[in-house]
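Hello,

Here is the structure I promised to pass on. Please open it alongside this email. My notes follow below.

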Amino acid sequence: MTKQERAARTRDALIRSAAREFEQHGYALATLSAISAGAGVSPGALHFHFENKEAVADAVECEASTVLRRTARIVYAHRSNALQNLADTSHALARLLRDDVVVRAGFRLSCANDTGTELNLRQEWQSCVQQRLAEAADEGLLAAGTGRQQDLARTIVAATIGLEALCRDNGEWLSPKTVTGLWRTLLPMLAGPESLAGLEPAGSQSL
């Protein structure tokens, strides 16, 4: 293993350890000593990669953002229509938030803005929802009289972000069954009769 590879592994281990600490104790109570111990490295190794706790938190947020954006792009590449893509994307993001501690911690850090960064993944999700609804309107998928797209987007964002908040006490809130139930409720209100028949609340089988 080269020196660069060892450094990359150490940095990744520190980011994952920091994510666990931030999730368990919150940003304010997490300590650099606990983060370095959790990664199995010395405090000196941590400071080689990160100047302070804020820098570690920034790295967690950036890694979460990278994973979430990459996943959204992959899902979009498999899109059949905008509404199905919206449901598929929410399933993929729910899976990441449920299973990946870095994504979970980074998402919560960015939304809480504890570190003062400009990154806000909740706002990015809202923008994604708005874009998909605009595409759905262009594709003629929305039911007549569904109201303004901005109001629809707020409803979807509130519902999906609400699941993430509830998941902090009970992981079942981000289970495939729960997310499917959400879309089973939302899609009939969003989609016209002709487009509704082809939509899968549980997500596309290809994903």
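N120 caps the N-terminal end of helix α7. One of its side-chain oxygens lies 3.1 Å from the backbone nitrogen of R122. Bear in mind that this is a predicted model.

Helix α7 covers residues 121–138, 18 residues in total. From first C-alpha to last, α7 reaches 26 Å, close to the 26 Å expected at 1.5 Å a residue. Just after α7, G140 takes a positive phi of about 70 degrees.

The buried residues of α7 are L121, W125, Q126, C128, V129, R132, L133, E135 and A136. They pack against four helices: α4, α5, α6 (101–112) and α8 (149–167).

Two of those partners, α4 and α5, also pack against each other. Helix α4 spans residues 53–77 and helix α5 spans residues 82–99. Their angle is about 145 degrees, and their axes are 10 Å apart. The crossing is right-handed. On the α4 side, the contact is made by V67, L68, T71, V75 and Y76. On the α5 side, N85, D88, T89, A92, L93 and L96 take part. By type, the residues of this contact divide into seven nonpolar, three polar and one charged.

Take a look at T89 in helix α5. Is T89 buried or exposed? T89 counts as buried because its relative accessible area is 1%, and the cut-off for buried is under 20%. Leaving out residues up to four places away in sequence, T89 touches V75 and W125. V75 belongs to the α4 side of the contact with α5, while W125 is among the buried residues of α7.

Best wishes

Key. Residues numbered from 1 in each chain as written. Predicted model: local features only at pLDDT ≥ 70, side-chain atom pairs only at ≥ 80, totals over all residues. Heavy atoms only, no water. Axes fitted to C-alpha atoms, helices over the stretch in contact; angles between N-to-C directions. Helix = DSSP H or I, 4+ residues; strand = E, 2+ residues; numbered from the N terminus. Left-handed = near helix turned anticlockwise from the far one by under 90°. Contact = heavy atoms within 4.5 Å. Nonpolar A, V, L, I, M, F, W, Y, C, P; charged D, E, K, R; others polar. Buried < 20%, exposed > 50% of the residue type's maximum accessible area, 1.4 Å probe, protein only. Expected span 1.5 Å × (residues − 1). Polar contact = N/O pair within 3.5 Å; in protein donor to acceptor, adjacent residues only side chain to side chain.
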